[in-house]
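Trainee: I have a model open and would like to work through its fold. Could we take it step by step?

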Amino acid sequence: MFPGRGRGKIRPPRRGIVTSEAVDFEREWKSLSLSLREIHTKNASTLSFEELYRTAYKLVLKKKGEDLYNKVQDFEQHWLSDTIRPRILEQLPLNLSDHQVGNNLTSNERRLAGEKLLRSLKQAWEDHNLCMNMTTDVLMYM
């Protein structure tokens, strides 16, 4: 003990501090979903990751983590199926896999179309990994 001080008792931090701040999940989710869309469209330079992290952390603290997880999962599923899948499918010629005699594509054209498709898949995969890393940074404690 320090001289001149009485025998103090060390108290643990109070649990369940009640705040009057109720969480409006839908408003917070709207903010996060718009930010996730900005991340996916490669326009994340204007975002405050600290603010996004705080928003997600607050939702988890207020026992909304499972709802947040489900919303993020739905967002990613819709993004991949509605935005990424059509981009990849437009790289695939309708008769690429057609091996019939009257085929309009030569073997070289099929090879070039296949290479274009693979480049498109590779780019989509790299973009997806980058976006998931940024999303992980925001939703670290979910």
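The questions below go from the overall fold to single residues.

Mentor: This is a predicted model, so local features need pLDDT of at least 70, side-chain atom pairs count only at pLDDT 80 or more, and totals for chains, interfaces and linings use all residues. Residues are numbered from 1 along each chain as its sequence is written, and side-chain values use heavy atoms, with hydrogens and water left out.

Trainee: What pattern does the protein follow along the sequence?

Mentor: Helices (H or I, at least four residues) and strands (E, at least two) are DSSP runs, numbered from the N terminus. The protein has 4 helices and 0 strands. Read along the sequence, the pattern is α-α-α-α.

Trainee: What percentage of the residues count as buried?

Mentor: Buried means under 20% relative accessible area, exposed over 50%, and partly exposed in between (1.4 Å probe, protein chains only). The protein has 142 residues, and the share that counts as buried is 25%.

Trainee: Which residues does Val72 contact, leaving aside its neighbours within four places in sequence?

Mentor: Contact means heavy atoms within 4.5 Å. Val72 is among the buried residues of H3. With those neighbours left aside, Val72 is in contact with Trp29, Leu36 and Leu139.

Trainee: Where is the kink in H3 centred?

Mentor: The expected span of a helix is 1.5 Å times one less than its number of residues. The 25 residues of H3 should therefore span 36 Å, and the end C-alpha atoms are 34 Å apart, which agrees. A bend is the angle between axes fitted to the seven residues ending at a residue and the seven starting there. H3 has a kink of about 30 degrees, centred on Leu80.

Trainee: Which helices are included in what covers the buried residues of H3?

Mentor: The buried residues of H3 include Gly65, Leu68, Phe75, Trp79 and Ile88. Their cover includes H1, H2 and H4.

Trainee: What is the angle between the planes of Tyr53 and Tyr57?

Mentor: Rings of Phe, Tyr and Trp (its six-membered ring) pair if their centres lie within 6.5 Å; planes under 30 degrees apart count as stacked, over 60 as edge-to-face and the rest as tilted. A search of the whole structure finds 1 aromatic pair. Tyr53 and Tyr57 are 4 residues apart in helix H2, so about one helical turn separates them. Their pair is stacked, with 5.9 Å centre to centre and a plane angle of 10 degrees.

Trainee: Is Ser120 buried or exposed?

Mentor: Ser120 lies in helix H4. Leaving aside neighbours within four places in sequence, Ser120 is in contact with Arg87, Ile88 and Gln91. Its relative accessibility is 16%, so Ser120 counts as buried.

Trainee: What separates the C-alpha atoms of Gly114 and Gln91?

Mentor: Gly114 is found in helix H4. Gly114 counts as buried because its relative accessibility is 18%. Gly114 and Gln91 are 23 residues apart along the chain, and their C-alpha atoms are separated by 8.7 Å.
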